[in-house]
Amino acid sequence: MEPVVDQLSFAAAKDVSYPLPVYAVLRAETPPALDGWLESDSWRGAHWIETFLSVETAQPADKPTAVALLWDDQYLYVGFKCREPRLGYLHANAVEAHEVWLDDAVEIYLKSVVPGIESVDTAVNTIGMVCPAFKVISDPGWGTYQFQTPGGVRAAIRCTGDGWQAEIAFPFGEQQLPTPRAGDLWRGNLCRNDRLGFTWSYWALGQSPGYTYSDDKLFPFLRFSTDAATPPPPRVHRPARPRKARFALRGMMYDTSRGSLIYTPQYWIDKLPLLREFDYNAVIMYFENHLRYPSHPAFAPEGSWTLDELHLLQDAAAHYGIDIIPAQTSLGHCPGILTHPKYAELAEEGSDSYQFCPAHPGTMPMLTDIFNDLCAASQSPYVSINADESAYLGFCPRCREEYAGWTKGQIFRQHILKLYEVIQAHGKRMMMWDDMLWLYPEAVEGLPRDIILLDWHYSLHRRYPSVDVWRACGFDVVACPGMYWVDNAFWLADYGAERGAMGMINTLWEDHSLPLGSRWQHLLATSWAAHAPAPDNLDTWFADAGMQLFGPAGARLGHSLAAQDNVKRNGYGNTVPSSLEVAIARQIREEAEKLLNDSSVPEATRGLLEEFVYAQRLLTLQAEATRWQAGSEHNPTERHRILAQAEILRAEGLARWQRQCTVVSQQPAFFERYTAIEKALGAGNSVGAPASRPMPLK
Ligand SMILES: [Zn+2]
């Protein structure tokens, strides 16, 4: 067996026939913060044991665990770092303290510490529940014992993209551990219950594999040292900031129409310096019915953008080298237009006002009008007609007669070609989504090759072969990931960059009442992917991203988001969030709130952080409310707390809405999370319900 760590010396124990390690517990000059982060000078200066042995094989366990101990006059501190690639599947089901050891957990065993206490076995799980069991001799004559659970043992857990870590403190004193003197030798062992990996691993085992962990004759020694934990010089870490662009067009697409916050042009103008900082040079603004055209003003609700406002934003963006590219739906995704009485007759039969009928004599003149308006007003050399998810083709009697014998792809192509003529007449290049061409490949033949295909993929794949197909057909391609997974942007951008894609545009759809800043990691992932290959380690990438935006203190928020990303990809899909998911949501909220109070956060990104904090408070409350509804939390006080906090947050949300948004018809989307919280808690009309409180427009 390898020595556990270099820092250990060995001493012969009287009761075993081989040497046992002696671990020097160093003094913590500054008390650890007990926040679970294990980054302080004391922790960095502690002796870290970095090999845990599997009980089954006596070999290092597959998942690394590291542990260190410190002490001062008040506490014995234990820090664990547990590597875990699949946080989302961890067991964190304990309700009572005595069930903690059945979860994924760490355990600390101590023995022969003080007369009367036979041993200490304290377990802590991944959501910070502590079972501080002391085994106490109740009758020395008979050798019977009982367990006590002393209070005062504290634990803080933090999750990162690489796993979870625990910071545990045992107070010294009455009914607690006795205060040690320098030089005292205690005996103990340290354990990780890897329930997910079916592995129990330990600092020290016997000479052969087997379940000997509780054999306290094998426990190594803990020597309380007078030496202070002296940290090595801090490693200066400067996050890499790649600058060489891989794409001619790089940036994002924002859905200004569905379940999103339809921001005022001024909101976007205020964000331009930051987008420039990310080296974006394009933002596609996606419109359904929220752009008011002079030729057809009726379908745009109150507060919609005007073409003058679009022009104003384009002007401002041009100063930052950013092209605002308008995208107007022109076939499917048009319910906002087609439910308006004036345009209802243009809807295709059976599409529930979702799609235009291409054969209706009013359709193309109307679309021609609005694209003429748009092209005349827009400064961008590009315009997108969207045309995605538009499969209601050839249904109505008119279409059946007009297109008798045609395939759906032929009908689709004809519609596209008509729009192409309108746009080409303005000297602009047409963009469109590629999915319908994938569905009806016969539509590809005869399509002009200067149409730019927006190739969208929102799931995680290592390969995206559609890029190869469109390139082989002679199209320029823009790789379009979605802001759901950062990997999606990294991998699709890598694939596109290797195949000469002209652009990488990350898409943000239907953000359901969450402000733009709630996706800051995706905004930064877009910037990264536009310039550099996918990073090797996501946890490091998230931490670097946090530092890049919010300064050195931003790393913890980055690690916390990386933990949530880890959970989402490993266990995502539960309607009711697990206790660990709620714990991580709270961790993210806490770290973001701390950051908000940190004066080192640059002024330029403070607005983004404020939006993130608002969103994270709302998301955490929603997760808590969902768990309450599912019966995981029965405490009526908890229900009251959630409702009260939601009410406070709603007032902030209302102010935010009035300041940043103008489209009255989008109010329900903005407040839908409050409505969901209220519903989950069986509450009345107190939290959501914007309709009952008319909001003045600014
Ligand atoms: Zn039709």
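**Close-up views of helix packing in a predicted model**

The chain of this predicted model has an average pLDDT of 90, and 91% of the residues score at least 70.

**View 1. Domain 1 and domain 2 of the chain.** Domain 1 covers residues 9-227, while domain 2 is assigned to 248-391 + 429-534. The centres of the two domains, taken over C-alpha atoms, are 55 Å apart.

**View 2. Packing of helix α5 against helix α7.** Helix α5 spans residues 363-377 and helix α7 spans residues 408-424; their axes lie 9 Å apart at an angle of about 30°. Because angles under 35 degrees count as roughly parallel, α5 is roughly parallel to α7. The crossing of these two helices is right-handed. From α5, Met364, Leu367, Thr368, Phe371, Asn372 and Cys375 meet Lys418, Leu419, Val422 and Ile423 of α7. By class, seven residues of this contact are nonpolar, two are polar and one is charged.

**View 3. Crossing of helix α12 and helix α13.** The axes of α12 (residues 538-550) and α13 (residues 555-569) come within 7 Å of each other and cross at roughly 140°. The two helices are therefore oblique to each other, and their crossing is right-handed. On the α12 side, the contact includes Leu538, Phe542, Met547 and Phe550. Residues contributed by α13 include Leu557, His559, Leu561 and Asp565. The contact of α12 with α13 comprises 10 nonpolar, three polar and three charged residues.

**View 4. Packing of helix α14 against helix α15.** Helix α14 (residues 579-596) packs on helix α15 (residues 603-629) at an angle of about 155°, and 9 Å separate the axes. Since angles over 145 degrees count as roughly antiparallel, α14 and α15 are roughly antiparallel to each other. Here the crossing is left-handed. Among the contact residues of α14 are Glu581, Arg586, Ile588, Arg589, Glu593 and Leu596. Those of α15 include Glu610, Phe612, Arg617, Leu619, Glu624 and Arg627. In this contact, 11 residues are nonpolar, two are polar and eight are charged.

Notes:
Residues are numbered from 1 along each chain as its sequence is written. This is a predicted model: local features need pLDDT of at least 70, side-chain atom pairs count only at pLDDT 80 or more; totals for chains, interfaces and linings use all residues. pLDDT is the predictor's confidence in each residue, from 0 to 100. Domain bounds come from an automatic or database domain assignment. Axes are lines fitted to C-alpha atoms, for helices over the stretch in contact, and angles run from 0 to 180 degrees between N-to-C directions. Helices (H or I, at least four residues) and strands (E, at least two) are DSSP runs, numbered from the N terminus. Angles under 35 degrees count as roughly parallel, over 145 as roughly antiparallel, 65 to 115 as roughly perpendicular and the rest as oblique. A crossing is left-handed if the near helix is turned anticlockwise from the far one by less than a right angle, and right-handed if clockwise. Two residues are in contact if their C-beta atoms, placed from the backbone, lie within 7 Å. Ala, Val, Leu, Ile, Met, Phe, Trp, Tyr, Cys and Pro count as nonpolar, Asp, Glu, Lys and Arg as charged, and the others, Gly among them, as polar.
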